[in-house]
Amino acid sequence: MEYDVDVTIIGAGVTGAAIARELSKYELRVMVLEKEEDVCSGTSKANSAIVHAGYDAMPGTWKAKMNVLGAKRIRELSKTLDFPYLQNGSMVVSFSPEDHEKLEALLERGRENGVEGLEILSGEQARALEPALGSNVAEALLVPTGGIVCPFQLTLALAENAAENGVVFRFLTKVTKIDKDVEGFLLHTEVTDSNGTITKRNIKTHYVVNAAGVYADQLHNDVSGEAHKITLVPRRGEYVLMDKEAGTLVKHTIFQLPTELGKGVLVTPTVHGNLLVGPNAVDLSDKTDTGTTPEGIDDIKKRALLSVPEIPYALTITSFSGLRAHELQDDFILSECPDAPGFFDAAGIESPGLSSAPAIGEYITSLLVKKADCPKKKEFKAERKGFIEVSKLPMEKRNELIKKNPKYGVIVCRCENVSEGEILDAIHRPLGAVSLDGIKRRVRQGMGRCQAGFCTPRTMEILSKELHIPMEAVTKNRPGSEIIKG
């Protein structure tokens, strides 16, 4: 029987993209299927953007193993794949001397996991490093290896590099059902075109990698018997993002002592200079509910003030929420399905999933290539050049760039100083943007203070011209989200 591809990865979030890049090092035909119109459209686009150091996960778990290794890999990849990353360090604050033992337990757990440089500070020592901390902070665990990253740029870097090395990405392609085949699997898909028309297509593949986020349990359970079924709970986290004017309030990522629902509400700078507060943790039954609630936003605002009492919420520019896939045993599922050989799960990827993604990519790839018995490619392009940011260039280099291409001197997004040249880059790079959200993720057009109020019409004109589509066909994201209704 002839198969369309060797490996099909379901899901183009950070986990799927990391696996795709690792698999692209081998002599395999690899395809990534994504139900949305772009990479980084699910859990990966709405999270804390933290590269966790690895002190929190229980030793011996997949979370502990993947986190520490993944965080190191992100530091390395930020150079070879050219995306924004900053090792700003983090603090875990406590509010009572009675919590000292809990901080000590975190410190010992972190050391067992291989986290370096951990130290417990007094409240005075912590405030000397972070003056915005409240007087009620009794102690803090200092974690110098913690970092922050741009989740969009990380995911895009992995995906673009995978594509440059031969991986095929198919967007607006939803896997509805999976059947076991003679030597592999038959994927039933629904492909949505730009008009919203759905066409059913089947794909034959030798191997499947399940990186489908909150939907990974449904796909796993298609091929697995009752004894090996899994359940994932969509856990919503809400966030508040403030203007860059507030971005220097803290330098470290400020955590509170974790609870059974996660690492608690944090206060952190972002790599782009904003201030971020959140998340809460609310378990849902609806895997599509990414709305925010007044109660949830008020809750995270109030809880964040416990650690940093002077947060300037008047500078809030937006709020958002994301869903993470919570596994009932509170760990990642990284394995070949016991009763469906050739089906590999990367499921239950919640925090510290972003930090763990490169390590997960390496591990799942090691399992698959061993089974497939395939050689490495003789040539692999390991490096990738990131997006030009005109506003960050020295004036001399900026003038040289504008002289070569005047479109880099035409500012479209005033809040973020994004030029027309950068928007054109976003559209024409590998896996280029086909929607307003796609441009936003790549070059930050519309992410500033006015939240795209000024620059949307011009950006739509550029998309319309470059994609050869009418203005009425320009979408916010997937088909059906057109800005101008005909």
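**Close-up 1. Aromatic pairs in a predicted model.** Rings of Phe, Tyr and Trp, the last by its six-membered ring, pair if their centres lie within 6.5 Å. By this rule the count comes to 4 aromatic pairs. The structure is a predicted model.

**Close-up 2. Trp62 and Tyr363 form a tilted pair.** Their ring centres are 4.8 Å apart. The planes meet at 45 degrees, so the pair counts as tilted. Trp62 belongs to helix 2 (residues 62–80) and Tyr363 to helix 8 (residues 353–372). The pair therefore ties together parts that are 301 residues apart in sequence. Trp62 is partly exposed, at 22% relative accessibility. Tyr363 is also partly exposed, at 24%.

Close-up 3. Phe185 is in strand 11 (residues 185–192), and Phe343 is in strand 20 (residues 343–347). The pair links distant parts of the chain, 158 residues apart. Phe185 is buried, with a relative accessible area of 1%. Phe343 is buried too, at 0%.

**Close-up 4. Strand 20 is largely enclosed by the rest of the structure.** Of its 5 residues, 5 are buried. Phe343, Asp345 and Ala347 point one way from the strand. Phe344 and Ala346 point the other way. In a regular strand, side chains alternate between the two faces of the sheet.

**Close-up 5. Strand 20 pairs with strand 12 and with strand 19.** Strand 12 (residues 198–210) runs parallel to strand 20, over 3 bridges. Strand 19 (residues 333–336) runs antiparallel to strand 20, joined by 4 bridges. Which residues stand opposite Phe344? Val209 is one of them, and Glu336 is another. Strands 19 and 20 form a hairpin with 6 residues between them. In the turn, Gly342 has a positive phi of about 95 degrees.

**Close-up 6. An open sheet has 3 strands in the order 3-8-4.** The pairing is antiparallel. Strand 3 (50–51) and strand 4 (85–86) are the edge strands, each pairing on one side only. Strand 4 is joined to strand 8 (residues 147–149) by 2 bridges. Leu86 has Ile148 of strand 8 as its bridge partner.

**Close-up 7. Lys301 and Arg429 lie over aromatic rings.** Lys301 lies over the face of Tyr313, 5.2 Å from the ring centre. The charged end of Arg429 sits over the ring of Phe387, at 4.1 Å from its centre.

Key:
Residues are numbered from 1 along each chain as its sequence is written. This is a predicted model: local features need pLDDT of at least 70, side-chain atom pairs count only at pLDDT 80 or more; totals for chains, interfaces and linings use all residues. Side-chain values use heavy atoms; hydrogens and water are left out. Two strands pair if DSSP finds at least two bridges between them. Rings of Phe, Tyr and Trp (its six-membered ring) pair if their centres lie within 6.5 Å; planes under 30 degrees apart count as stacked, over 60 as edge-to-face and the rest as tilted. Buried means under 20% relative accessible area, exposed over 50%, partly exposed in between (1.4 Å probe, protein chains only). A charge sits over a ring if NZ of Lys or CZ of Arg is within 6 Å of the ring centre and within 35 degrees of the ring normal.
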